[in-house]
Amino acid sequence: MREAIRQRMWFALFASCTAVVAAPVVVIAGLLLWRGLPALDWAFLSTPPAPGMREGGILPAIVGTLWLAAGTTAVALAFGLPAGIYLSEYAPRGALTRAVRLAIVNLAGVPSIVYGLFGLAVFVLLLKRVTGGMSIISGSLTLGFLILPVVITATEEALLAVPQTLRQASVALGATRWQTTVRVVLPNAAPGILTGFIIGLARAAGETAPIMFTAAYFYLRHLPTSLQDGVMALPYHLYVVATQIPNYPAAKAWGTALVLVALVFAMNLGAVLTRARLRRRRRW
Amino acid sequence: MRRTRQAFDEQLQRLERRLVDMGSFVEAMVEKAVRALAEHDVKLAQEVIAADDTADELDLGIEQECMRLLALQQPMSRDLRIIGTVMKVIADVERIGDYSVDIARTAIRLARTEYFKPLEDIPRMARMVQTMLGQALEALVNRDLDLVARVVEQDDAVDKLWYQLLKELEEFMRSRPEVVSQAVAFLLVARYLERIADHTVNIAERVAYIETGCLETLAASHRPDAGQGEGEGSGDG
Amino acid sequence: MALKLRVEDLNLHYHSFQALHHVSVDIEGQRITALIGPSGCGKSSFLRCLNRMNDLVEGARVEGRVLLDGQDIYQGNTDVVTLRKRVGMVFQTPNPFPVSVYDNVAYGPRLHGTRDRARLDEIVERSLRSAALWEEVRGKLRQSALDLSGGQQQRLCIARVLAVEPEVLLMDEPCSALDPTATFRIEELMLELMEHYTIVLVTHNMYQASRVSQTTGFFLLGELIEYGPTEQIFENPRDQRTDDYVRGRFG
């Protein structure tokens, strides 16, 4: 009997901890909706800001964020996926591999502002001729590297989760390791990889520091026409209007925040739904 | 290292003990049957005849135990040979019991007859045969090959005795035709005892099979009885 | 019967641990050869040497020769892919891919280049028939293989192997994870397949070995202790260790 009571107590404690964790999300969402929804209308979403920023909408920022998201996707998958596959399936167990893993782990701990400065130094300044200076390319590369550890780790974890028995079955039928990776392992790891990637992307979409030096402009008259163009971006725009513009309508700031958070939430939701759907088709 | 399947080993030992017990029981039947003959004891003879039912029950019981062990324990190699051997040997022992009954019946038939000669050789044969049976079963459960050799030796002696008795009784029948029916009865009893001896040899020879797993040597040694060339087969009773 | 596989003085090392010691054995075609022995005695490791699956194990080193139809499979110029087509393997726990029944069986042929739909259909049906599974799944070819029962999944794995038309079937404790009824069906299947394939069966259940094999080998601590006709191994083994094992007297 006493044990039953004790159990009840612990569970109650854990439940309240969970509530504490969930609370901020609810509060933030509530606050954003309450304060930001009034500013949301079609004009807000589809027109660029007027010079001076106080009038107009946030269209370029939305577009810029989407471009950066696309670019980050390309970079993260192009480098992260193969790296994750290599580390999981092919890398020999040894000091070199361990060193690489260590490097990746450390990469994850680098502050985002440092990424921004790194991006500035390398992509914007050093490789200016290729990237066009502050541009979608530079921003994407920077953000891509930012979320690389997440993507690589997610890929590795997802690949590791594929049972060894499936690989053995494939190899025993005469498949090469490459064929096994492509035909058996990757399809089964896809849900996990995708989930990890989208979560990483959602984070990248909301980052300010990395894009401050590499892609985001305070104000641009036109929408980007090439990858070498700079863009406006929601996180930076929010920072700008909240701190640099005196008398900026509060509702619009909240509205911008709402749009950004909504975008991030939407991406996360997409991750969850995609994973669920892919999982249903392949379970073991 | 603790031996595995200790329970199974114990079951095998119990099985062999049951066999030995059945052997002792039948040994007593032989002793009583011949004594009934020698002492004209009808009651004793009837005891022997009644005992045959018990012998048959023992036979059946042991066979059932063997089948049970085969089904439930999946014995291999030597264990399998032991169980198979027990199943064959109870047939030999049961046969010996049947011969005792035949001797007892003869005793009843001759109960009121005065014997034309004192019974000496037949009781002697009977004692030898009883010893052989005891030794054969002991050799089997102890896997004692020396004892097997002794049993085989004694069988030679029994065969000699039988042959000697045959000649004696033939002589009697030629010279005194009036004792023919008695003589024939004694001849048959002696024959039964000789057959019992052969069965004990069958039992003893199984020891080698349990040890080596070789059935072929058994067939070779099932030669027709002590080749005095009289055309004696090994199948009557 | 023709000699299909000959193993000469095989030694297997996992890093510094020697798993197999000087194993030499002749495996004949069109029969079932069973390998028995206590856990960890090396019989599965041995099996994996026959289709070079040990190549995948880090630190595994093989010495000696394994001759398939007279050709050493460990010789430098061996095409491992072809080897594994010729020598197929069925594993202890059924491991169908989490795709449809059809796609499982078609995996091998597709791997090796067959694309024609009609041809694949034919191969799939033939393989499923050979594995005694066709009647049970013919209407469910598109359903997930994971919906099948354990015994059916294992037969599916067998069909999958048969689809690449092997000559030798290596079966590593194929019935370990199955109930007795499913086990008997697979044994039945093995006896049918024996006609056309060389089967090497590793089993920790010696009664299974006694039921289905014609030749049996007893492994202990990486050594092949005794190898001979199944009747001999179980009725009258020559080595005392074999005798102790088959009588269950291993302490």
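A residue is buried if 20 or more other C-beta atoms lie within 10 Å of its own, exposed if 12 or fewer, and partly exposed in between, with C-beta atoms placed from the backbone. The model shown is predicted: local features need pLDDT of at least 70, side-chain atom pairs count only at pLDDT 80 or more, and totals for chains, interfaces and linings use all residues. Residues are numbered from 1 along each chain as its sequence is written, and chains are lettered from A and ligands numbered from 1 in the order in which they are written.

**Figure 1. Chain B is built from seven helices and zero strands.** Helices (H or I, at least four residues) and strands (E, at least two) are DSSP runs, numbered from the N terminus. The pattern along the sequence of chain B is α-α-α-α-α-α-α. Of the 237 residues in chain B, 36% are buried. Two residues are in contact if their C-beta atoms, placed from the backbone, lie within 7 Å. Among contacts in chain B with a separation of 6 or more, 78% join residues 24 or more positions apart.

**Figure 2. Helix α1 of chain B covers residues 6-38.** This helix has 33 residues and reaches 48 Å from its first C-alpha to its last, close to the 48 Å expected at 1.5 Å a residue; the expected span is 1.5 Å times one less than the number of residues.

**Figure 3. The open sheet of chain C has six strands in the order β6-β7-β8-β3-β9-β10, with mixed pairing.** Two strands pair if DSSP finds at least two bridges between them. The edge strands, β6 and β10 (223-229) of chain C, each pair on one side only. On average, neighbouring strands of the sheet are turned by 20° against each other, direction ignored. Helix α1 (residues 43-50) of chain C packs on the sheet and touches β3 (32-36), β6, β7, β8 (198-202) and β9 (215-220) of chain C. The direction of this helix makes about 150° with that of β8(C); axes are lines fitted to C-alpha atoms, for helices over the stretch in contact, and angles run from 0 to 180 degrees between N-to-C directions.

**Figure 4. Strand β6 (residues 87-90) of chain C is covered on both faces.** Val87(C) and Met89(C) are buried on one side, and Gly88(C) and Val90(C) on the other. Strand β6(C) runs parallel to β7 (residues 168-172) of chain C, and four bridges join them. Val87(C) stands opposite Val168(C), while the bridge partner of Val90(C) is Met171(C). Helix α6(C) lies across β6 and β7 of chain C, at about 170° to β6(C).

**Figure 5. Chains A and C share the most contacts of the two pairs of chains in contact.** Here 22 residues of chain C are in contact with 17 residues of chain A. On the side of chain C that touches chain A, α2 (80-86), β6, α3 (101-111) and α6 (150-162) each supply at least two residues. By class, this side of chain C has 12 nonpolar, six polar and four charged residues. Ala, Val, Leu, Ile, Met, Phe, Trp, Tyr, Cys and Pro count as nonpolar, Asp, Glu, Lys and Arg as charged, and the others, Gly among them, as polar. No contact joins chain A and chain B, whose closest C-alpha atoms lie 34 Å apart.
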